[in-house]
Amino acid sequence: MITADQVLVGRDALLAATGHHPYARHALWRDHQPRGWRRDGAVGWLLPPEQGPAGGALGPAAPAVDVFAGLLADGVLRPGQWLHLPRTTAEKLAGRLTIARLDEWDFLWTTTPPPPRPEEERVVRLTEADHPALAALIEESFPTTTSRPGDPRIVDWYGIRDGDRLVACGADRSRGDIGFLAGLTVASDRRGRGLGAALTAGITRALVARYDHVALGVYTDNVGAIRLYRRLGYTGTEHRSSVHLG
């Protein structure tokens with residue numbers, strides 16, 4: 001049972017409650033009608049299982065955690081699911097949620113095309129025929145990513161080839177109404193040559209032509225990647241914590 005100041009039904013109501021925040025515009029898919037709530041300044045929601053996370057929130061973390069703890073106690077949420085919350089800590093979650101894993105990451109966004117990058121012209125859109133090469137590259141260079149060939153959340157894949165070999169790839173995972181990059185990776189023996197910057201710039205340029213905001217997620221401790229994304233214009237920031245329920 002949700003104890004809230006206001007129950008919110010449908011994507012439009014949730015977007016209005018968040019002030020059309022870029023993270024909400026990304027997380028709340030256009031073709032879904034989620035249910036959610038507002039409590040003590042936080043706005044939260046539950047999502048259908050095919051979307052990945054069971055729910056998320058914006059605003060102060062504490063009231064959001066209170067609501068999700070109640071949903072867990074009522075059996076609406078269950079161990080094994082995960083939540084995207086405003087930045088919090090294991091200490092603040094103790095006694096409220098049982099944590100199997102806690103990740104800190106940043107949701108970054110831009111509203112402008114990136115500066116041109118060397119090698120950007122090598123970025124091409126990939127096809128289903130490239131899926132075996134994509135799978136091999138991802139397994140070698142980014143095995144922890146959840147973005148994989150065949151993932152229904154993915155709209156398109158982009159990549160850079162060196163001859164016949166795929167050496168960099170990234171996904172367009174735009175399912176809300178802003179562009180979203182995911183699964184960006186470069187083969188381990190091709191790093192340090194500017195391919196990551198070229199790939200990110202190329203996909204960003206393609207998406208900013210279609211969306212008023214383009215975003216991506218990056219682990220907070222990946223300082224080098226964050227510096228690169230800042231140089232490419234990703235200056236908007238929302239600090240996030242992903243909680244895998246134990």
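## Annotated region

The UniProt record, an unreviewed entry, places the feature "domain: N-acetyltransferase" at residues 121-246; such annotations may be inferred rather than shown by experiment. The model is predicted, so local features need pLDDT of at least 70 and side-chain atom pairs count only at pLDDT 80 or more, while totals for chains, interfaces and linings use all residues. Residues are numbered from 1 along each chain as its sequence is written, and side-chain values use heavy atoms, without hydrogens and water.

Residues 121-246 are 27% helix and 33% strand (DSSP runs: helices H or I of at least four residues, strands E of at least two, numbered from the N terminus). The end C-alpha atoms of this stretch are 45 Å apart.

## Leu-245

Leu-245 is found in strand β12, residues 236-245. Its relative accessible area is 3%, which means that Leu-245 is buried (under 20%, with a 1.4 Å probe and protein chains only). The C-alpha atoms of Leu-245 and Leu-77 are separated by 8.8 Å, although the two residues are 168 apart along the chain.

The chain is divided into domain 1 (6-106) and domain 2 (112-211), with bounds from an automatic or database domain assignment. Their contact takes 10 residues from domain 1 and 9 residues from domain 2.

Across this interface there are 3 salt bridges (a side-chain nitrogen of Lys or Arg within 4 Å of a carboxyl oxygen of Asp or Glu). Asp-177 forms a salt bridge with Arg-25, with the closest N and O atoms 2.9 Å apart.

How values were computed
Buried means under 20% relative accessible area, exposed over 50%, partly exposed in between (1.4 Å probe, protein chains only). Contact means heavy atoms within 4.5 Å.
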